[in-house]
Amino acid sequence: DTYPTQEKYGWVWAFLGDLPAAQRPKIPDLFPEFDDTTHWRRMPYAFEATATGYIPIPWPWSFAKHHVLALRAAGGVSGGDYPAGNTYYVGGYNLPRHDLPDTIISGVFNGAFVLRGYAPSAFGGKEYLLGNAEYRFPIAAPDRGLSTLPVYFKRIDGNLFTDVGGAFNDFNLKHASFFKNGRFLDTDLLHASIGAELWFGLVFG
């Protein structure tokens, strides 16, 4: 059976039965402030959570010391009267806006919404999920400077990573499948990348 409905206060009210519209009971004025935009304003909201962990890898070989598995999971959801557009954006590094000197001075490194391998802000929406796994290992520790220049070359590290995440307006598991098409979680809302990085540790001053 189908019944007439009406949306009010952000809820959907269903009228059971077959009464004409004029005879249906009135929706109670529970929140008169809801439609009074002159004296009241609905505030936007956003909730975010992040979990980070580091697991040392106890390899038995002397050349494989200080290897670490770094894990990070983050997510957020927003709503309310946010301006038109997306609350969250997920994507790769915005290198045109952060050149090498700016990166060194500002400390820009690995932001909260980085999905490496994609264009900056490639995906947007009111919600986001992001997971990062990195295998970090030292390569060399020169601990040397260049003559009397105020630059100290401290160390070189390697990083093997995988990122999985995305931004969207509604993440619904009904549109996702597990262990399908060669994926653990098959959905068009999440995107993945793998790669490697070299990190150079420099000290100025």
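Author: What follows is a set of questions on strands, salt bridges, aromatic rings and the surface. This is a predicted model, in which local features need pLDDT of at least 70 and side-chain atom pairs count only at pLDDT 80 or more, whereas totals for chains, interfaces and linings use all residues. Residues are numbered from 1 along each chain as its sequence is written, and side-chain values use heavy atoms, with hydrogens and water left out.

Reader: How many residues apart are Arg116 and Glu197?

Author: The side chains of Arg116 and Glu197 meet in a salt bridge at 3.3 Å, N to O, the term standing for a side-chain nitrogen of Lys or Arg within 4 Å of a carboxyl oxygen of Asp or Glu. This pair links distant parts of the chain, with Arg116 in the loop between helix 1 (100-106) and strand 6 (123-125) and Glu197 in strand 12 (residues 191-204), and they are 81 residues apart.

Reader: Are Arg116 and Glu197 buried or exposed?

Author: Buried means under 20% relative accessible area, exposed means over 50%, and partly exposed lies in between, with a 1.4 Å probe and protein chains only. The charged end of Arg116 also sits over the ring of Phe161, 3.9 Å from its centre, where the term asks for NZ of Lys or CZ of Arg within 6 Å of the ring centre and within 35 degrees of the ring normal. As for accessibility, both Arg116 and Glu197 are buried.

Reader: Why does Glu134 count as buried?

Author: Glu134 forms a salt bridge with Arg136, the closest N and O atoms being 2.7 Å apart, and both belong to a network of salt bridges that includes Arg116, Asp163 and Glu197. Arg136 is partly exposed, with a relative accessible area of 26%. Glu134 counts as buried because its relative accessibility is 4%.

Reader: What is the angle between the planes of Phe168 and Phe171?

Author: A search of the whole structure finds seven aromatic pairs, in which rings of Phe, Tyr and Trp (its six-membered ring) have centres within 6.5 Å, and planes under 30 degrees apart count as stacked, over 60 as edge-to-face and the rest as tilted. One of them, Tyr135 with Phe137, is tilted at 5.8 Å centre to centre and 40° between the planes. Phe168 and Phe171 also form a tilted pair, with centres 5.2 Å apart and planes at 35°.

Reader: Which strand gives the most to the nonpolar patch?

Author: Patches are made of residues with over 30% relative accessible area and no salt bridge, like charges being joined within 9 Å and nonpolar side chains (Val, Leu, Ile, Met, Phe, Trp, Tyr) within 5 Å. Here Ile139, Leu198, Phe200, Leu202 and Phe204 form a nonpolar patch on the surface with about 520 Å² of accessible area together, a value from the Shrake-Rupley method with a 1.4 Å probe, for which only the protein chains shown count as cover for residues. Four residues come from the strand that gives the most, strand 12.

How values were computed:
Helix = DSSP H or I, 4+ residues; strand = E, 2+ residues; numbered from the N terminus.
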